[in-house]
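Student: Could you take me on a close look at a single part of this model, and then show me how the interior around the rest is arranged?

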Amino acid sequence: MRGTPLTPAWASLRDKITDRGRRARLYGLMRYASAKGIAPGQITDDVLCTYLAYRTETTARLGGPAAHRSTTRAWNECREHILGWPAVHLSMPALPSRLSAPTWGEFPQGLRDDVQAYLEGLAGTRRTASGKKLRPAKSSTIATRRREIEAFARRAVRMGFPLEDLTSLRALLDADVVERVLDDYGHGTGDTPSIYMIELAWKVLSIARRVGGFDDLALERLDEMRFQLEEHRSEGMTEFNLALVHKVLSSPIWDEVIRTPYRLIEEARSLRDHAPVKAALRAQLAVAVGLLTAAPVRCGNLVRIRLEENLIRPGGPGTRYLLTFPKYDVKNRVKLEFKLSERLTALIDEYLHDHRPVLLRGQNELWLFPGESGSFKTPSMFSEQITSAVEKATGLRVRAHQFRHAAAALILKREPGNYEFVRRILGHKSLKTTIKFYIGLESFTTTERFGEIVDSHLDGEEE
């Protein structure tokens, strides 16, 4: 315990709060009121404003509009749900007008230095609190984490948190800031938070633990936010992905998707003489869609395919290609290998010989899918191009990552219960992961087959 102890009246109210987040948000106000001799029933909007001003002057915790709204919300929720809570209703302050987001270089140097130190730490060997050794993070992971932190900081400023107060990672990840930013991310999503919100909550907690300098109460609040959001994480596929799977299983639409690469390469042939760049892009998409249907890898691996490293001919010239990824290049560290068909091999050869040189623009790179900058194509952009091409050809809107779900659906439709087959194709490390994610597909195929059994009896009666 630090500071003034709670009076009996305030201690009684504190003990009635079962939600750890609410208790943490109100605890400082309770101690302040105890020190000032303010009874629970005497709390007013003015008292809260005075407390927040005092907190800003005397502690490292923020006391601006977001903290005001957070404390007010916690008080009013307790008033509604806890028997014996004072009948006082606090007024919710208006949201501050959104400010334009500053560039990263405009943020305080202390924050930028903290973020850089944290990211550099990810590049080295680390250990968890339990002593487990963690391998260095990949450069792509570190780049993603940097973008997430910068986006989080900009969002906080747009919401009204003073730029000059965000002097460190400790200040940026203050529980009041995190709670308000998470609430803002969830605005308009209804009762179900997005996967991004769920992931962001545990990443914030992980960073806070890594950086240090947070007291137990602060970490407890961050952990409570993570826990509350984690309860919304889906055990299997989302409704969006299930809708796609149902289309794949109940119609011949996926046959059209599988034919799409060969239609695209026909278009490329017709365009080659008068529009070589356009033709090359069509051929590039033909290869991409062909690979995703035969080897449903993640888009991050797809764009990073290199000739003579990932796409090879072990049997020599004229033999079929092998698509291979060493385990250190795969998200869950599982080696992937796919032997491609003769038809897909021929399509890839046509792209390599007739179209890819146009996209290289005189450069000597080994990327299968070269981008304009001389590196590989960016995953987000390429995924959108793939989605657009398939939708135009078939009418089905499918994202690059959803080819993996379609592959699982096709396997389980042909071989119900063969999760090991699915695991090997998708490169899951654990069979439990595969079963947990795709167990729901069995109910769709099972009910369909049961319907066929019932119909077979009707057919027998008619005969």
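Tutor: Happy to! Glutamate 308 sits in the loop that runs between helix H14 (299–302) and strand E3 (311–312). Keep in mind that this is a predicted model. The phi angle of glutamate 308 is near 70°, which is a positive value in a residue other than glycine. Is glutamate 308 buried or exposed? It counts as exposed, because its relative accessibility is 65%, and the cut-off for exposed is over 50%.

Now for the interior. In soluble globular proteins, nonpolar side chains tend to be buried together. Here the largest nonpolar core has 53 residues, and those with the most contacts inside it are Leu291, Leu302, Leu368, Phe369 and Ile386. Helix H13 (residues 276–294) gives the largest share of this core, 10 residues. Isoleucine 386 touches Leu285, Ala288, Val289, Leu292, Leu302 and Phe403, leaving aside residues up to four places away in sequence. Another core, of 39 residues, lies apart from that one, and Leu169, Val181, Ala201 and Ile207 are among its members.

Leu169 and Ile207 turn up again among the residues that line the largest cavity, as do Arg145, Phe152 and Lys203. That cavity has a volume of about 90 Å³, and a search of the whole structure finds 2 cavities of 30 Å³ or more. Helix H6 (139–158), helix H7 (169–172) and helix H9 (195–211) each supply at least two residues of the largest cavity's lining. By type, the lining of the largest cavity divides into 8 nonpolar residues, 3 charged and no polar.

Note on methods: Residues numbered from 1 in each chain as written. Predicted model: local features only at pLDDT ≥ 70, side-chain atom pairs only at ≥ 80, totals over all residues. Heavy atoms only, no water. 1 Å grid on protein atoms, 1.4 Å probe; cavity = no way out; pocket = protein on both sides within 12 Å on 5 of 7 lines; lining within 4 Å. Points joined across faces, edges and corners; volume = space filled by probe spheres on them. Helix = DSSP H or I, 4+ residues; strand = E, 2+ residues; numbered from the N terminus. Nonpolar A, V, L, I, M, F, W, Y, C, P; charged D, E, K, R; others polar. Core = buried A, V, L, I, M, F, W, Y, C linked by side-chain atoms within 4.5 Å. Buried < 20%, exposed > 50% of the residue type's maximum accessible area, 1.4 Å probe, protein only. Contact = heavy atoms within 4.5 Å.
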